[in-house]
Amino acid sequence: MSYPVIKRVSLYNVKENLSKIKTLVGSKTKVFAVVKANAYGHGIIGVSNAVYSMVDGFCVSLVKEALDLRFSGIDKEILLLTPIDENYLERLIEKDITLTITSKRDAILIDGICSGLKKRAKVHIKLNTGMNRLGISSVYEVSEVLSIARRNNFIITGVYSHLGDAKNKKYANFQRENFIKLSSYILDEYPMVTMHLSSSAGILLGEKFYFDMVRVGLSLYGYTPFETNLLTLSPAMKVYAKTLLVREKIKSERLLYGSKKYSFDKVTLLRVGYADGFFRSGDQILPPRCMDLSVVLGAHFENYYCVMDNAQSLAKKYKTIPYEILTQFGSRAEIIYE
């Protein structure tokens, strides 16, 4: 192993998690794997190839992610979730990437490029149902996009939104009702569109939130956004750092940066730091990490020491969410699939 930080990813666990989710939502519900952010740190190509036969398509956030999937041989539908970068629009249309319309401007851009290419793009319309992030918010805005769509340069194949707080069932139902209301105007003209509202959190709210399709992100990798008895999943990734040396009998001495003095019987120096995606501080006992180095208590003589085996546990320790833990590890790590 040449990398000082190793991510071991169990593709078996990824596929088992997906299988459980598919059983929960039923065979009539399409499942798209969310592989943005390098598949939440698990490796976009490796994960996508592993689940290819089990999913109906993939969701990404970046143009590069969409094109990387296409160039790797993924020929299923790829939905780009984020607003359009007009500099890459022509290439995305040529590669048959499904685009998201979040505004009238998006519709105008797609319409113009498609007209020039003489090629119809597939688009999903993103609705703002209460999260107030991205999306079309009113019936008037929907009608503006529909009027542009009638030029037949692109075809609306889907409509979707996103839940901002799925744990709050009252708010989730409020968003669901808004979604149905705004979608109805699109369904009048495009009755076969795919409707989707739920990601991993919405899936846990029951069948009425499934609609035609669900987007599976966090749960694919072994975690649920909140506690539930509906799914028992297995984390797919563990992170290991190379051990460098053991220091003994530190008595009221400085350790790493800073003037604070520490007393430890034994500590092990690891080749992992905040440049590898680990938090610099947050531990009340040990000194803050360096850019490339950390210490842990005790003497550890194995070549690689596990620094993350459960993102949820680590998230609680650092008062964050497992999404952040999973996605921030990676720029200097090697992925080994098991």
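This is a predicted model: local features need pLDDT of at least 70, side-chain atom pairs count only at pLDDT 80 or more; totals for chains, interfaces and linings use all residues.
Residues are numbered from 1 along each chain as its sequence is written, and side-chain values use heavy atoms, with hydrogens and water left out.

**Pockets and a cavity**

On a 1 Å grid over the protein atoms alone, a pocket is an open set of points with protein on both sides within 12 Å along at least five of seven lines, a cavity is a set where a 1.4 Å probe fits but cannot get out, and lining residues have an atom within 4 Å of a point. Points are joined across faces, edges and corners, and a volume is the space filled by probe spheres set on them.

| Space | Volume |
|---|---|
| Largest pocket | about 720 Å³ |
| Second largest pocket | about 320 Å³ |
| Largest cavity | about 40 Å³ |

In the largest pocket, Arg-133, His-162, Leu-163, Ser-199 and Tyr-323 are the lining residues closest to the centre. Its biggest contributor is α10, with three residues; helices (H or I, at least four residues) and strands (E, at least two) are DSSP runs, numbered from the N terminus.

Over in the second largest pocket, Asp-283, Leu-286, Arg-289, Val-296 and Lys-317 lie nearest the centre, and β12 gives the most to the lining, four residues.

The largest cavity has Arg-133 and His-162 in its lining too, along with others including Lys-126 and Gln-175.

**The core**

A nonpolar core joins buried Ala, Val, Leu, Ile, Met, Phe, Trp, Tyr and Cys residues through side-chain atoms within 4.5 Å. Buried means under 20% relative accessible area, exposed over 50%, and partly exposed in between (1.4 Å probe, protein chains only). The largest core has 102 residues, and Val-35, Ile-110, Phe-154 and Ile-156 touch the most other members. A separate core of eight residues includes Ile-250 and Val-295.

**Cysteines**

How many disulfides are there? The count is zero, with a disulfide taken as a pair of cysteine sulfur atoms within 2.5 Å. Cys-59 is buried, at 0% relative accessible area, and Cys-114 is buried at 2%.
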